Amino acid sequence: LEGKFYVFSGGFGEARIVTPQELDGWYDTLQASLNGIRGDATPNQSADQDLVVVYGACHSGSFIPQMSAPGRVLVASCQTDELSHRGAVDPLDGLRDGELFVTEFFRDLRDGKKIEESFELASASIEAFTLSSSNGADPDAVAPQRPVLDDNGDGTGHLAEELALEGSEDGALSAIISLGFGASNPGD
């Protein structure tokens, strides 16, 4: 399903997919609507916020070229030609996390780290995991899972070790953005 992702909610058939072009259109609509004025004539502060999209699935990097745009931070759990690893089973409730990289990424964000630092830490964790024999694979046949990030709107995702913290290169915008509650969040 490279370049597509599968959605099943009961409302669509099991063959329903969402293409990068379709998802990009939805985000374009969202961003355009955020630029308007709210019904009470006050400016919508959300329009000034960058949009952060985290996609954890096999081949998720294939969405970056189509969805990339100024004001968007795109985080994909792996490159276009790679598989992603599902998360571990929680021993307390028996539920499986959806995707291992995303779990690690949000763990670091929860601790107050910026997107770029969380991305680097989670990338190192998932690459070490996928290169080890602890994932049950033959060490000689293992391909690492290497997440990519695009935050400069150029349509190219970069690995953690390729990020720049200044200028207009990937990594500079995500190095200053935190997710969660804080003084920069305009509302509840």
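Two strands count as paired when DSSP finds at least two bridges between them. In this predicted model, strand 4 and strand 5 pass that test: they run antiparallel and are joined by 3 bridges. One of the spots where they meet is Val-75, whose bridge partner in strand 5 is Leu-149. Leu-74, for its part, sits opposite Asp-150 of strand 5.

On to the chain as a whole. The protein chain contains 4 helices and 5 strands, and going along the sequence they come in the pattern β-β-α-β-α-β-α-α-β. The chain has 188 residues, and 33% of them count as buried. Its exposed surface comes to about 10600 Å², with carbon and sulfur atoms supplying 53% of that area. Looking at contacts with a separation of 6 or more, 46% are between residues 24 or more positions apart.

Back to the sheet. Strand 4 also has a partner in strand 3, and these two pair in the parallel sense over 5 bridges. Here Val-52 stands opposite Val-73 of strand 4. Put together, this gives an open sheet of 3 strands in the order 3-4-5, with mixed pairing. Strand 3 and strand 5 are at the edges and have a single partner strand each, so one side of each has no neighbour in the sheet. On average, and ignoring direction, neighbouring strands of this sheet are turned by 10 degrees against each other.

What about strand 4 itself? Buried here means under 20% relative accessible area, and 5 of the 5 residues of strand 4 are buried, so the rest of the structure largely encloses this strand. Arg-72, Leu-74 and Ala-76 point one way from the strand, while Val-73 and Val-75 point the other way. Both sets are buried.

Next comes helix 4, which covers residues 115-131. This helix has 17 residues and reaches 24 Å from its first C-alpha to its last, close to the 24 Å expected at 1.5 Å a residue. Its buried residues are Ile-115, Glu-116, Ser-118, Phe-119, Ala-122, Ser-123, Ile-126 and Thr-130. Seen down the axis of helix 4, these buried residues fall within an arc of 150 degrees, so they line one face of the helix. And what do the buried residues of helix 4 pack against? The list is strand 3 (51-55), strand 4 (72-76), helix 3 (100-110) and strand 5 (148-150).

One more residue is worth a look, and it lies in a loop. His-59 is found between strand 3 and helix 2 (64-67). Most residues other than glycine have a negative phi. His-59 is not a glycine, yet its phi is positive, at about 60 degrees. Is His-59 buried or exposed? With a relative accessible area of 18%, His-59 comes in under the 20% cut-off, so this residue counts as buried.

Conventions. Residues numbered from 1 in each chain as written. Predicted model: local features only at pLDDT ≥ 70, side-chain atom pairs only at ≥ 80, totals over all residues. Heavy atoms only, no water. Expected span 1.5 Å × (residues − 1). Buried < 20%, exposed > 50% of the residue type's maximum accessible area, 1.4 Å probe, protein only. Arc of directions from axis to C-beta. Contact = heavy atoms within 4.5 Å. Axes fitted to C-alpha atoms, helices over the stretch in contact; angles between N-to-C directions. Areas by Shrake-Rupley, 256 points an atom, 1.4 Å probe, with all protein chains shown as cover.
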